[in-house]
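Biologist: I am new to this structure. Please take me through one part closely, the surface that faces the DNA, and then set it in its surroundings.

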2 protein chains.
Amino acid sequence: MTYSIGTVAEKSGISIYTLRYYDKMGLTPFVKRNEASGRREFTDSDLNFLSVITCLKGTGMPLNEIRNFVQCCMDGDNTLNQRLALFENQKEVVINQIGESLRNLQKIDHKIEYYKKAVKAGTEKAVTGKNNLPENHVPLNELIDELL
Amino acid sequence: MTYSIGTVAEKSGISIYTLRYYDKMGLTPFVKRNEASGRREFTDSDLNFLSVITCLKGTGMPLNEIRNFVQCCMDGDNTLNQRLALFENQKEVVINQIGESLRNLQKIDHKIEYYKKAVKAGTEKAVTGKNNLPENHVPLNELIDELL
DNA sequence: ATATTTGATAGAGCTAACTCTAGGTCAATA
DNA sequence: TATTGACCTAGAGTTAGCTCTATCAAATAT
């Protein structure tokens, strides 16, 4: 069972243009072509690989790093340690991103409180509170371990 | 008390180039200039404003939207509702980002487990587990409320 | 008083990640 | 069989967000 690029675009939400672009950039060298027509034929395994690529991209990893990772995968078992290290490192990255998101969320919450008061009073001048409260120090690592 | 652009760059971690670029893009119209020399003179209030801008940028808001927000701030009290709505909306955005980050984290954790086994076995072929486990449905909103 | 540093502007250059166009091939349908 | 539609490549164009250069003015250090 294989899928055309259009079908994959529908299933994945990635545009046909982008799928071809990724292929050109070396992100999907595993996708085979039809011998006669040269058309791409995606397998289910290819779709799984694509979802890993999407995950890494979602963490902000640039395409050339993702390409390196894919190359490692193609290079076989002697890159296993390297790939493990990559994911362990990326875990740190994501945890830091969540930390930043939580800090942003906190700041946004303060702003929401601030503007609620201001809207109620009809003017900003009536609002007294400072916007920069002291940061709380969430033990992020533990919390995230708990969430998963 | 005012700060030069170089001092602000140091304090904020934003490069001088970028600070000038933001100013050119209309993100910091509130920063006054020295009458005689034309140099920018940042106040403490300006730094606070800048930290809000940094927060919004950190949530992925594009610069032109941030500029609109800043313009609302300059336009005074009749934009209060609009500004409240903006932050309420941005809160949703950040919560969704955290959700995506947690899903990515989960996938990465599975990969880490996978590669640990593979490294131990010396080959990928020995690893049996599927990589795409069913998603857990964390009640994200409540959890985040709890964290803050 | 002079030299160095810091700041200013205008505008060019750069990178990443698409996004689209042109011109062609191949496959599926009326 | 003819036509429509999906796919192909090469390469140009686009956007966001910086980043840097050239050139000049002002401030600070020696």
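Modeller: Start with H2(B), which gives the most to the surface near DNA strand D, with four residues. Here a residue is near a strand if one of its heavy atoms lies within 4 Å of it. Helices are DSSP runs of H or I, at least four residues long, and strands are runs of E, at least two long, both numbered from the N terminus. The model is predicted: local features need pLDDT of at least 70, side-chain atom pairs count only at pLDDT 80 or more, and totals for chains, interfaces and linings use all residues. Residues are numbered from 1 along each chain as its sequence is written, chains are lettered from A and ligands numbered from 1 in the order in which they are written, and side-chain values use heavy atoms, with hydrogens and water left out.

Stay with DNA strand D. Two or more residues each come from helix H1 (5–12) and helix H2 (16–24) of chain A, and from helix H2 (16–24) of chain B. Of the atoms of DNA strand D that come within 4 Å of the protein, sugar and phosphate account for 69%.

Now the polar contacts, which are pairs of N or O atoms within 3.5 Å; within protein, one must be able to donate a hydrogen and the other to accept it, and residues adjacent in sequence count only if both atoms are side-chain atoms. The side chain of A:Arg33 places an N or O atom 2.9 Å from a phosphate oxygen of DNA strand D. A:Arg39 reaches a base instead: a polar side-chain atom lies 2.9 Å from a base nitrogen of DNA strand D. B:Leu63 uses its backbone, with an N or O atom 3.3 Å from a phosphate oxygen of DNA strand D.

Turn to DNA strand C. Here H2(A) gives the most, with four residues. H2 of chain A, helix H1 (5–12) of chain B and H2 of chain B each supply at least two residues. Of the 19 residues around DNA strand C, A:Tyr22, B:Ser4, B:Arg20, B:Arg39 and B:Arg40 come nearest. Sugar or phosphate makes up 69% of the atoms of DNA strand C within 4 Å of the protein, and bases make up the rest. A polar side-chain atom of B:Arg20 is 2.8 Å from a phosphate oxygen. Backbone atoms take part too. B:Gly6 has a backbone N or O atom 3.0 Å from a phosphate oxygen of DNA strand C. For a polar backbone atom of B:Arg40, the distance to a phosphate oxygen is 2.8 Å.

How are the two chains related? A rotation of 180° with 0.0 Å of shift along its axis superposes chain B on chain A, with an RMSD of 0.1 Å. In chain B, B:Ile98 has the C-alpha nearest the axis, 3.0 Å from it. Of the interface residues of chain B, 100% are also interface residues in chain A, so the copies meet through the same surface.

Last, chain A as a whole. Chain A has six helices and two strands. Along the sequence they run α-α-β-β-α-α-α-α. Of its 148 residues, 39% count as buried, meaning under 20% relative accessible area, with exposed over 50% and partly exposed in between (1.4 Å probe, protein chains only).

Methods
Least-squares fit on C-alpha atoms with pLDDT ≥ 70 in both. Contact = heavy atoms within 4.5 Å.
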